[in-house]
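Welcome! Have a look at the sequence and the structure first.

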Amino acid sequence: MRYRTLGGTGIEVSTHCLGTMMFQAGFNPDHDDCARIVHAALDHGINFVDTADMYGQGESDEIVGKALRGRRDDVVLATKVHVAMGEGPNRGGNSRRWILKAVEDSLRRLDTEWIDLYQVHFPDHTTDIEETLSVLGDLVRDGKIRAFGCSNFQADEIVEAHHVSERRALGRFRTAQPPYSMLARGIETSLLPVCERYGMGVLVWSPLAFGFLTGKHRKGRPIDLEAGRAAIRPAFFDPAIAENAAKLDAVEQLVELATSIGCTLPQLAVAHPAVTSAITGPRTMEQLEGLLRGAPVTLDDATLDRIDEIVRPGVNLYNPATALPPRSLTETALRRRPLAERAAA
């Protein structure tokens, strides 16, 4: 297993991160099976575990906490805050009030005295970013967290946060967690360069493109739109839709490329050198072992050039974040002048 520094913190993390979204209550997880997956990952050299308070409304935190008993010092543990954890207007978001409550809840569920990386799960445009950065810095000073980062932020939001950090002498985001895969490369346009400029670690979610890069879905093969993820989002999988047909065409070429260099498609998908760590969420031991066998895979320039030919840099064959569009698309006032100012004269 290879390791990389986490956003200038001096913390070394494995290039494969064990994501625990698969431990959500909606998937009816067996806690003992989940613990075995965690233990197997640690035994194979993975030292980085990512979860969030919202996964299963705290159940994922509890599973991880139980699995790490006796091994906490061996693990870099990351979790997140933002999503509502109950009824009422003050049980979510990025305010000082909620973050102070949420971190205590996560520490209790995770059965730990500290969190290595505490991430703001989504932007909160009702809370001044200065307030959020201030409370996160206080948590570092109190020893409850070691570092903090952001997740699902746009490039301009990261720049604004760093500007506020510098202007107000506050701690800064050390990491970003965006969606990224060989089929969704949009972050290469501006977000990755911004993270490089600020020395941030990049932890990417959905490197397997919601299952398209597992090899399960292939061109010419029927896709059951009434089972699994396809039943939840059939428009995302229906091959009759042009966007999905384009994904399947790219998959065929990527399968051929993976075979030519002696690895599987999932192993190729998580070997990209541009990021700090790829978050993988295996639900079975077989899936975990398959991914771990690809940990030593190194992609040479010829391989990366071929990937660029199949899916051009900066291009998304699908929108990986349909559930969290930027404000510029959801708030019309940000892209329209007031009516009285629209005349060209």
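## Enclosed spaces

The largest cavity has a volume of about 90 Å³. A cavity here is a set of points, on a 1 Å grid over the protein atoms alone, where a 1.4 Å probe fits but cannot get out, and lining residues have an atom within 4 Å of a point. Grid points are joined across faces, edges and corners, and a volume is the space filled by probe spheres set on the points. The model is a predicted one, in which local features need pLDDT of at least 70 and side-chain atom pairs count only at pLDDT 80 or more, while totals for chains, interfaces and linings use all residues. Residues are numbered from 1 along each chain as its sequence is written, and side-chain values use heavy atoms, with hydrogens and water left out.

Around the largest cavity you will find Tyr180, Ser181, Met182, Arg185, Glu188, Val204, Pro207, Ala269, Val270, His272, Val275 and Ala278. By class, this lining has eight nonpolar, two polar and two charged residues. In this grouping, Ala, Val, Leu, Ile, Met, Phe, Trp, Tyr, Cys and Pro count as nonpolar, Asp, Glu, Lys and Arg as charged, and the others, Gly among them, as polar. The count of cavities of 30 Å³ or more comes to two.

## An open pocket

The second largest pocket has a volume of about 370 Å³. A pocket, by contrast with a cavity, is an open set of points with protein on both sides within 12 Å along at least five of seven lines. Its lining has 19 residues, and Gln154, Pro179, Ile187, Asn316 and Ala321 lie nearest its centre. The lining divides into 12 nonpolar, seven polar and no charged residues.

## The nonpolar cores

A nonpolar core is a set of buried Ala, Val, Leu, Ile, Met, Phe, Trp, Tyr and Cys residues joined through side-chain atoms within 4.5 Å. Buried means under 20% relative accessible area, exposed over 50%, and partly exposed in between (1.4 Å probe, protein chains only). The largest core has 88 residues, of which Tyr118, Leu136, Phe173, Leu183, Leu213 and Leu268 touch the most other members. Helix 9 (residues 242-260) gives the largest share, seven residues. Helices (H or I, at least four residues) and strands (E, at least two) are DSSP runs, numbered from the N terminus.

Apart from this core lies another, of 11 residues, including Val13, Phe48, Leu117 and Ile279.

## Two buried residues

Asn152 sits in the loop between strand 7 (145-151) and helix 5 (155-168). Asn152 counts as buried because its relative accessible area is 9%. Its side chain makes polar contacts with the side chains of Ser151 at 3.1 Å and Trp205 at 3.0 Å. A polar contact is a pair of N or O atoms within 3.5 Å; within protein, one must be able to donate a hydrogen and the other to accept it, and residues adjacent in sequence count only if both atoms are side-chain atoms.

Cys17 belongs to strand 3 (residues 16-19). Cys17 is buried because its relative accessibility is 1%. Leaving aside neighbours within four places in sequence, Cys17 is in contact (heavy atoms within 4.5 Å) with Phe48, Val49, Asp50, Ser277, Ala278, Ile279 and Thr280.
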